[in-house]
Amino acid sequence: MDPFHTLEEIRKAAQKRKEANKNKPVAFEKYNADATKVRGQLAMYAMEVFAHQHRLHLLQLLICGNIARFLFWDHSGAIVSDCFDYIEKPWLLVEFLWRYNHMSAAARGLDSTASRATSEEAKKFKAAVEEFLENMENAEHPQRELPNAADTLSEQYPVYKITVVDDISKESMEVLVQRPFFRSHSPIGRCTRAYLAYALERHDLVFFKDTWRVVHKRLIPERQICADLERAEVPFVPGVLCGGDVTLNGEHGTTQCLEWAKKLKDLAVGFHELRDFQHHRLVQQLAYPVECAPWSKQFVIAFRDCLAAMDVAMQKCGLVHRDISIGNVMLNASAAAKGVLADWDHSGKVKHSEGQAHQRFRTGTWQFMSIALLAEPLKAHEPLDDLESVFWALLFGAMHRFDH
């Protein structure tokens, strides 16, 4: 069944509400069980395509009986066309398919900075990952592990070569990736994917992060934040090798749904919930989850080191992390393991931590947020909130990792 109302139905309902002096917006979606299920399927299909391919956007064709619609997805949301009867008006469907067939790969939404790796490059990648997995499995002493690393070589995912241009040095780096060991389970939002990657020039494995950052005047790109932390000699932070915003033909790779929603404001449902996102990538030295620490002492030391990173970052850079969680406290790859505080993409300046929050969307992982932030949705994120988050992350990790 068609999970959306027609444009005519929406306009009639809007007129009735206007006559009744009701300002509540008219729902575009149908809210019955079948319609909700169909929309869920559409979102799931979009999510899987985004996960398996390197894309900026996606076009979908929905056919329900003799009714058809076109959908445009990017990481801000989806644009849905009005429905039409393709039996009565077959030329609409035929023209769409003809145009799609003649589109370039970029117009179809494929990322031009990612290309299929050659067979020789794929062999290099496979050999490096297999050696890494073998060393991780056969270590004589307690070895830090990278969860889901074995899934990297899944044959369901092709090997891609991705070019990353650094925003600071303007130099580029090529990495090979296959299946992400972590990915988002939504087609919209930040849609972060984490990869075990092979750096072609360095001939070693690195961590590759592909994400879509929120575009906001007070939010600093993570690559710039990492550069500021490095210049200030903040300890226990990730070693960034390359990274920055993705540009295509000189233009930044941003989402388009919000721009179209502004043009079609009268017909945009949930307009005020949309956000603009910018494609962003980072190549970093490998780090391991703190939960794989073999001893409780090493586990606690990692949190101590992260507290030191938070303190120096606040004192020298005026930064608050704002996303302390068990997943962002890491261990480096050296023999004398030290803590690493990762994922600074949510961080913000201390001077912006006064008054009310500047976004309607709360950043962070709710399980580890301070009680004050959870109780007051508009409260600004302060350094004390991060300190409380460290406590919750330490408690959570200790309870799940060690006998008690």
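Q: How do E15 and E17 pair, and over how many bridges?
A: E15 and E17 pair in the antiparallel sense, over three bridges. Strands are DSSP runs (E, at least two residues; helices are H or I, at least four), numbered from the N terminus. Two strands pair if DSSP finds at least two bridges between them.

Q: Before more, what are the ground rules here?
A: This is a predicted model: local features need pLDDT of at least 70, side-chain atom pairs count only at pLDDT 80 or more, and totals for chains, interfaces and linings use all residues. Residues are numbered from 1 along each chain as its sequence is written, and side-chain values use heavy atoms, with hydrogens and water left out.

Q: OK. Which residue is the bridge partner of tyrosine 288 in E17?
A: Leucine 331.

Q: What order do the strands of that open sheet take?
A: E15-E17-E18, with antiparallel pairing. E15 (287-289) and E18 stand at the edges with a single partner strand each, so one side of each has no neighbour in the sheet.

Q: Switching to E14. Is E14 mostly covered or open?
A: Covered: eight of its eight residues are buried, meaning under 20% relative accessible area with a 1.4 Å probe, protein chains only (exposed is over 50%, partly exposed in between). Phe277, His279, Arg281 and Val283 lie on one side. Gln278, His280, Leu282 and Gln284 lie on the other.

Q: How many bridges join E10 to E14?
A: Eight, running antiparallel. Threonine 211 has histidine 280 of E14 as its bridge partner.

Q: And what stands opposite cysteine 242 in E14?
A: Valine 283. E11 (residues 240-245) and E14 pair antiparallel over five bridges.
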